[in-house]
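Please keep the structure in view while reading.

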Amino acid sequence: MASLLHTRIVPKARVAHARVAVLPWHLVPRPLLPQVPPDADASHRVCATCARAVLPGRDARCRECGGSLEDAPHVSRGPPPPPPPRRLTRAQRAAVLRPKWASQYWMGTFFLALGTLVLPVALAFLRPLLLMAGIFLVVGVRLRRSGWPSVLRRAQRRRLHVLRWGLGAPAELTQVERHSLPGLEAGRVARLDYVFLVHGQPVPGSVPSSRLADARRPPGEPVWAVYLAESPDVSALWPPES
Ligand SMILES: [Zn+2]
């Protein structure tokens, strides 16, 4: 995939012009030049001054803030996603499919089970128990629904689908947002925004993460994304958290 982006032959006179390709996404004017340089995998460094992953300029200085990159650690894109269909581990699936409010969801499941157990007893022997069984069932269903809303469940299923079947594309983290109330909503502590190219057009994406390490990743870091060929707005980062 990455190699496709670099196969264009640039005449010598235009080499200086082609350097524009290593500028950050938001600085590149349209029409877009290939923004993933051939040496992207090894040459990004994490700038200590502005905490971004950048490509060093000519004098080993950060392109964003001008800080020195001499002792800055390297950061690489890592191995590309294997061809689809990919097998996800149990842990990887569980990290994607998780209720918004886990305790509420499991409490709802408990009430639903209780109602299901009481209902036949009430019908067969003790009619007064019918009301109780009904309350248990209603409370159970409501708690389960609010604990794991169907919109969220659908989004999580889509993410699983794209992780299994999506096409791989080199991407770049654009923003790393740390959540102020860690662990509350679906266990997420960070949100990673990224962008990748499809037919030369930048497509943004965003995934939640429950890994604390993800909250410390530098914007600008080269990463891999997977996306659905038929609707590139459905995408995820590769590898998934596990
Ligand atoms: Zn910098």
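V198 belongs to strand β5, which comprises residues 190-198. The model in which this residue is examined is a predicted one. V198 is classed as partly exposed because 15 C-beta neighbours lie inside 10 Å; a buried residue would need 20 or more, and an exposed one 12 or fewer. Once residues up to four places away in sequence are set aside, V198 is in contact with A169, V203, Y227 and P232.

H199 lies in the loop between β5 and β6, the latter covering residues 201-209. Although H199 is not a glycine, its phi is positive, at about 50°. H199 counts as exposed, since 6 other C-beta atoms are found within 10 Å.

The wider setting may now be described. The protein contains six helices and eight strands. Read from the N terminus, the order of elements is α-α-β-β-β-α-α-α-α-β-β-β-β-β. Of the 242 residues in the protein, 26% are buried. Among contacts with a separation of 6 or more, 62% are between residues 24 or more positions apart.

Attention then turns to the helices. Two packed helices are described by the angle between their axes and the distance between the axes. Helix α4 (residues 102-124) packs against helix α5 (residues 129-147) with their axes 7 Å apart and at an angle of about 155°. Angles over 145 degrees count as roughly antiparallel, and α4 is therefore roughly antiparallel to α5. The crossing of α4 past α5 is left-handed. Sorted by class, the residues in the contact of α4 with α5 are 18 nonpolar, seven polar and one charged.

A database annotation concerns this part of the chain. UniProt, in an unreviewed entry, lists residues 105-123 as "transmembrane region". In the model, the span of residues 105-123 is 100% helix and 0% strand, and its end C-alpha atoms lie 27 Å apart.

What remains is the backbone geometry at a few other sites. Most residues other than glycine have a negative phi, and most peptide bonds are trans. A51 is not a glycine, yet its phi is positive, at about 60°. The loop that holds A51 runs between β1 (44-46) and β2 (53-54). With 16 other C-beta atoms within 10 Å, A51 is partly exposed, whereas H199, which also has a positive phi, is exposed.

P84 and P85 are joined by a cis peptide bond, with omega near 0°. The location of P85 is the loop between β3 (74-75) and α3 (90-96). The bond between W238 and P239 is likewise cis, and its omega is about -5°. P239 is found in the segment after β8, a strand that spans residues 235-238.

Technical notes: Residues are numbered from 1 along each chain as its sequence is written. This is a predicted model: local features need pLDDT of at least 70, side-chain atom pairs count only at pLDDT 80 or more; totals for chains, interfaces and linings use all residues. UniProt positions are given in the numbering used here, feature names are shortened, and annotations may be inferred rather than shown by experiment. Helices (H or I, at least four residues) and strands (E, at least two) are DSSP runs, numbered from the N terminus. Two residues are in contact if their C-beta atoms, placed from the backbone, lie within 7 Å. Axes are lines fitted to C-alpha atoms, for helices over the stretch in contact, and angles run from 0 to 180 degrees between N-to-C directions. Angles under 35 degrees count as roughly parallel, over 145 as roughly antiparallel, 65 to 115 as roughly perpendicular and the rest as oblique. A crossing is left-handed if the near helix is turned anticlockwise from the far one by less than a right angle, and right-handed if clockwise. Ala, Val, Leu, Ile, Met, Phe, Trp, Tyr, Cys and Pro count as nonpolar, Asp, Glu, Lys and Arg as charged, and the others, Gly among them, as polar.
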